[in-house]
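My notes follow in the order I checked them.

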Amino acid sequence: QVRLVESGGGLVRPGGSLRLTCKASGDIGSIYAIGWYRRQAPGKQRELVASISRPSSPYYPNAMKGRFTISRDNAENTVYLQMNRLRPEDSAVYFCNKQSQARGPWDADWGQGTQVTVSS
């Protein structure tokens, strides 16, 4: 069993930055990759923002390249998402999730996420 807990969200002005934290606990060795997703509105599908795999290879969908940086601290079992030059359209609930193997499915269970609001 693996538990992922997101934190670090909040209210930030356009152009500002935030760093989100995904803390993992439990069977850490079963994790192949951790990804950050976001859902911009209730009922809207979650979209992948970034992921990082055990070999520490980051991946960003084209729409997310440039302002987001994913990193990991293996000693702390933590994955970070650094978000810069934030825009109002980045407002969303951000979730982290995990894969147990390369090209495998993301976990069906989601945590509560952390709310990011970009507004002046």
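**Disulfide.** I looked for the cysteine link and found C22 joined to C96, with 2.2 Å from S to S. The model is predicted, so I take the distance as computed from it. I searched the whole structure and got 1 disulfide. C22 sits in strand β3 (residues 18-26) and C96 in strand β9 (residues 92-99), so I noted a link between distant parts of the chain, 74 residues apart. I then took the torsion about the S-S bond; it is about 80 degrees, so the disulfide is right-handed. Are the two cysteines buried or exposed? C22 has a relative accessible area of 0% and is buried. C96, at 3%, is buried too.

**Overall layout.** I counted 0 helices and 10 strands in the protein chain. Read along the sequence, I get β-β-β-β-β-β-β-β-β-β. The C-alpha trace spans about 40 × 25 × 25 Å along its principal axes. I checked the radius of gyration as well: a compact globule of 120 residues would come near 14 Å, and the chain has 14 Å, which agrees. Of the 120 residues, 42% count as buried. I also looked at contacts between residues at least 6 apart in sequence, and 53% of them join residues at least 24 apart. The chain exposes about 6600 Å², and carbon and sulfur atoms supply 45% of that area.

**Strand β5.** I went through strand β5 (residues 47-53) next. I found 6 of its 7 residues buried, so the strand is largely enclosed by the rest of the structure. Which strands does β5 pair with? Strand β4 (residues 33-39) is joined to β5 by 6 bridges, and the two run antiparallel. In that pairing, I noted A33 opposite S53. Strand β6 (residues 58-59) is joined to β5 by 2 bridges, again antiparallel. There I found Y59 of β6 as the bridge partner of S51. The hairpin of β5 and β6 has 4 residues between the strands, and S56 takes a positive phi near 65 degrees in it.

**Salt bridges.** Side chains of opposite charge can pair when their charged atoms come close. I listed the salt bridges and got 5 in the structure.

One of them is K23 with E76, where the closest N and O atoms are 3.9 Å apart. K23 lies in strand β3 and E76 in the loop between β7 (68-73) and β8 (78-83), so this pair ties together parts that are 53 residues apart in sequence. K23 counts as partly exposed, at 37% relative accessibility. E76 is partly exposed as well, at 41%.

I then turned to R38. Its side chain meets that of E47 in a salt bridge, 2.7 Å from N to O. E47 is partly exposed at 28% relative accessibility, whereas R38 is buried with a relative accessible area of 6%.

R38 also forms a salt bridge with D90, with the closest N and O atoms 2.9 Å apart. D90 is in the loop between β8 and β9 and R38 in strand β4, so I recorded another link between distant parts of the chain, 52 residues apart. Both D90 and R38 are buried.

Last, I asked which residues are linked in a network of salt bridges. I wrote down R38, E47, R67 and D90.

Methods
Residues are numbered from 1 along each chain as its sequence is written. This is a predicted model: local features need pLDDT of at least 70, side-chain atom pairs count only at pLDDT 80 or more; totals for chains, interfaces and linings use all residues. Side-chain values use heavy atoms; hydrogens and water are left out. A disulfide is a pair of cysteine sulfur atoms within 2.5 Å. Buried means under 20% relative accessible area, exposed over 50%, partly exposed in between (1.4 Å probe, protein chains only). Two strands pair if DSSP finds at least two bridges between them. The radius of gyration is taken over C-alpha atoms; the globule rule is 2.2 Å times the number of residues to the power 0.38. Contact means heavy atoms within 4.5 Å. Accessible areas come from the Shrake-Rupley method with a 1.4 Å probe; for residues, only the protein chains shown count as cover. A salt bridge is a side-chain nitrogen of Lys or Arg within 4 Å of a carboxyl oxygen of Asp or Glu.
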